[in-house]
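Okay, thanks for having me, everyone. Let me put the structure up, and then I'll walk you through a few spots in it.

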Amino acid sequence: MSAGLGPILRRAASGAGVTPEEATRLIRIPAEGLPDLLGAAAALRDRGRGRTITYSRKVFIPLTNYCRDYCRYCTYRKDPGDPEGWFLTPEEVLRVARAGARLGCKEALFSLGDKPEAAFPEVRATLRRLGYHTTLKYLAAVSALVARETPLFPHANPGLMGRADLARLKASNVSVGLMLESASERLLRPGGAHDGAPDKVPSLRLKTMEAAGHLRLPFTTGILIGIGETLEERVEALAAIRALHGRYGHVQEVIVQNFRAKPGIPMRDAPEPTAADMARTIAVARLLLGPAMNIQAPPNLTPAEYRVYLHAGINDWGGVSPLTIDYINPEAPWPKLTELAAVTEGEGFRLRERLALYPEFIAREGFLAAGLAEKVRAAVDADGYPRTESTEPAAVHALAPAGVGAAGPRIWNAPSPNSRCVSELP
Ligand code: SF4
């Protein structure tokens, strides 16, 4: 191990915390020091979160894949006119949500592109037909519909939001998400991962997160690694999240997600982070964000090696769907819940379902809209976890939402019976 890091790690494992400068040294620890780094992070996780690893049973509602941004790693976004573009109607949203509820899902994860109406007249026309001016107002309306008409709890992940958008969403969403992804402005330069993505300006994303803090809105965020950032910039992004959480106490979970190269994207030849790189970053996130923070990493993006994340300090696997595919990473099927439980328990942990709102936020003054409190309390036990934990479904009905985009209504391919999804829209 590099000279001087042992005392930092021992202090960090005891819960005394690390500074961003120390975290910047730790993330560069040589390979032979990696077991010590992971060990300190795992010990800190055990102090704060114990040996329980959570997941959320969710149905993925991809409200629209039209987006005004052109992130160079994205396969999700489409332009109007693309035969694979869609914009779901309220009826289609309800159909997917109800199918998820029948399979025991608790969370309705709304994912969508960012402000497509700002770039495409076709989307403005679609919104007008539906009776709305902005996609975010439409999202608030269909979230409210799902919260009212189904047992599900919405969690929206729609890109940049203003204070009024967040306030509207708080009425029907138990939590809201926006990945910071990176604090690096460099990625917006020509050829960078965020070239052509005006909504990926880090300061704007931090502004949305700050507005959510003002509103006491439980918030999910995180970093996407392997998109051209340096190790130091990863720490800068995590430190920025820590600073906001320190001011408002509203960050309920931090995701560490790895870039995957896919055919057809501009970054198809970019190197992918290794599992060791993920583990190194997860460990530093744990040490920087402290024992109480929920740290999440998606298992489906490292299918052969995700068990190592348990020994790097995570305490959550994110969402698992028995119904819908991972629309953001459709080539990466989810492990079955039975496999996830076997891996988790095989490494000495207990797998437990949670809601889209972590237990510690349920009773915190002002963090849950009055209209949602009764529904949440009825769904959880004394510890704040779901009263009923669903088991693996024996069979899954086909999901076939029809779009109303410029290409007109269309039928989606049904996912395979064992498909799973877990992803936060970057
Ligand atoms: S990652 Fe999100 S914001 Fe970027 S292009 Fe894809 S859908 Fe749009």
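Predicted model: local features only at pLDDT ≥ 70, side-chain atom pairs only at ≥ 80, totals over all residues.

The chain has 13 helices and nine strands.

With that in hand, let's look at Glu181. You'll find Glu181 in the loop between strand E4, residues 175-177, and helix H8, residues 202-214. Its phi is positive, about 70°, even though Glu181 isn't a glycine. Why do I bring that up? Because most residues other than glycine have a negative phi. Now, is Glu181 buried or exposed? It's buried, because 26 other C-beta atoms lie within 10 Å, and the cut-off for buried is 20 or more.

Arg216 sits in the loop between H8 and strand E5, residues 219-225. Arg216 also has a positive phi, near 55°, and again we're not looking at a glycine. But Arg216 has 18 C-beta neighbours inside 10 Å, so it counts as partly exposed.

Okay, on to the inside of the protein. Of the 426 residues in the chain, 52% count as buried. In general, nonpolar side chains in soluble globular proteins tend to be buried together. Here, the largest nonpolar core has 113 residues, and the ones touching the most other members are Leu26, Ile61, Ile282 and Leu287. Helix H10, residues 275-289, gives the most to this core, nine residues.

Take Ile282. Setting aside neighbours within four places in sequence, Ile282 is in contact with several residues, including Val256, Ile295 and Tyr309.

Then there's Leu44, over in helix H3, residues 34-49. Leu44 counts as buried because it has 28 C-beta neighbours inside 10 Å. What does Leu44 touch, if we don't count residues up to four places away in sequence? Among them are Ala12, Arg286, Leu287 and Gly313.

Last stop: the ligand. There are 14 residues around it, and the closest are Cys67, Asp69, Cys71, Cys74 and Arg77. By class, that shell has eight nonpolar, two polar and four charged residues.

Notes
Residues numbered from 1 in each chain as written. Near = placed C-beta within 6 Å. Nonpolar A, V, L, I, M, F, W, Y, C, P; charged D, E, K, R; others polar. Helix = DSSP H or I, 4+ residues; strand = E, 2+ residues; numbered from the N terminus. Buried ≥ 20, exposed ≤ 12 C-beta atoms within 10 Å, placed from the backbone. Core = buried A, V, L, I, M, F, W, Y, C linked by C-beta atoms within 7 Å. Contact = placed C-beta atoms within 7 Å.
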